[in-house]
Amino acid sequence: MSQPIILASKSNIRAQLLTNAGVPFEVMTAPVDEELIRQSLEAEETKPRDIADSLAEAKAQRVSAKLPGTLVLGCDQVLDFEGKVFSKPRDLADAREQLKLLRNKRHTLLSAAVIYENGKPVWRHVGIVRLLMRDFSDEFLEEYLERNWNNIQHTVGCYMLEEEGVRLFTRVDGDYFTVLGMPLLEILAYLTLRGDLKR
């Protein structure tokens, strides 16, 4: 790449994914009130997929406005459970309630990525993964929360599939990177097609 892409996200896992893939990048977090945007869109009965896309775009747009001539990548992920969007848990009790609702049922993770250049969107994608949680016991749930709260309190769905959260599931249909919050393969394909990454 002639210059690093700008990742408009403070997510450690997204940064790690780009690092592992050998993509030069810099981080510049976007001062975006995600909760306010999400609530506004939900009030308008916006579909979960479009909420994820709008949140990713808001981040990319904000940073791109400050950095003309650079590629800016905004990402966001939402959890869609029966048409309802789950946010990160407010506290331990909220995490417990969310996991009880998801137990033994299917939900969908929507990981959106939007790339801006010179203040305009040039590419976007929303990755979709469908997951089925197992019928875990209340005892397991309490022990899981006690062991993992520090790591999962900032995650949508209260789990990290790359850690003990994988034990909550019986089936995952979709791309692993999308579960982690970034449709990485599609991003790499676009950057390669543009010529920013070598073919």
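What follows is a walk around helix 5, with a few stops elsewhere for context.

Reply: Happy to! Please keep in mind that this is a predicted model.

Let's start with helix 5 and its partner. Two packed helices are described by the angle between their axes and the distance between the axes. Here, helix 5 covers residues 138-152 and helix 4 covers residues 92-102. Their axes come within 11 Å and cross at roughly 135°. Angles over 145 degrees count as roughly antiparallel and 65 to 115 as roughly perpendicular, with the rest, apart from the roughly parallel ones, being oblique. Helix 4 and helix 5 are therefore oblique to each other. As for handedness, the crossing of helix 4 past helix 5 is right-handed.

Which residues meet there? On the side of helix 4 you will find L92, A95, R96, L99 and K100. Facing them from helix 5 are D138, L141, E142, Y144, L145 and W149. Sorted by class, the contact of helix 4 with helix 5 holds seven nonpolar and four charged residues, and no polar ones.

E142 lies in helix 5 and counts as partly exposed, with a relative accessibility of 33%.

C158 has 0% relative accessibility, so it counts as buried. Y159 is in that loop too, while F169 is in strand 7 (169-173). The rings of Y159 and F169 form an edge-to-face aromatic pair, 4.8 Å from centre to centre and with 75° between the planes. Because one partner is in the loop and the other in the strand, the pair ties together parts that are ten residues apart in sequence. Both Y159 and F169 are buried.

Now for some context from other parts of the model. The count of aromatic pairs comes to six. One of them is formed by F81 and F86: the ring centres are 5.7 Å apart and the planes lie at 70°, so this pair is edge-to-face. Both F81 and F86 are buried.

There is also another helix contact to look at. The axes of helix 2 (residues 34-43) and helix 3 (residues 48-64) come within 10 Å and cross at roughly 145°. Helix 2 makes a right-handed crossing with helix 3. Helix 2 brings E34, I37, R38, L41 and E42 to the contact, and helix 3 brings I51, S54, L55, A58 and K59. By class, these residues are five nonpolar, one polar and four charged.

N118 is found in the loop between strand 5 (106-117) and strand 6 (120-133). While C158 is buried, N118 is partly exposed, at a relative accessible area of 46%.

Terms used: Residues numbered from 1 in each chain as written. Predicted model: local features only at pLDDT ≥ 70, side-chain atom pairs only at ≥ 80, totals over all residues. Heavy atoms only, no water. Axes fitted to C-alpha atoms, helices over the stretch in contact; angles between N-to-C directions. Helix = DSSP H or I, 4+ residues; strand = E, 2+ residues; numbered from the N terminus. Parallel < 35°, antiparallel > 145°, perpendicular 65-115°, else oblique. Left-handed = near helix turned anticlockwise from the far one by under 90°. Contact = heavy atoms within 4.5 Å. Nonpolar A, V, L, I, M, F, W, Y, C, P; charged D, E, K, R; others polar. Phe/Tyr/Trp six-rings, centres within 6.5 Å; stacked < 30°, edge-to-face > 60°. Buried < 20%, exposed > 50% of the residue type's maximum accessible area, 1.4 Å probe, protein only.
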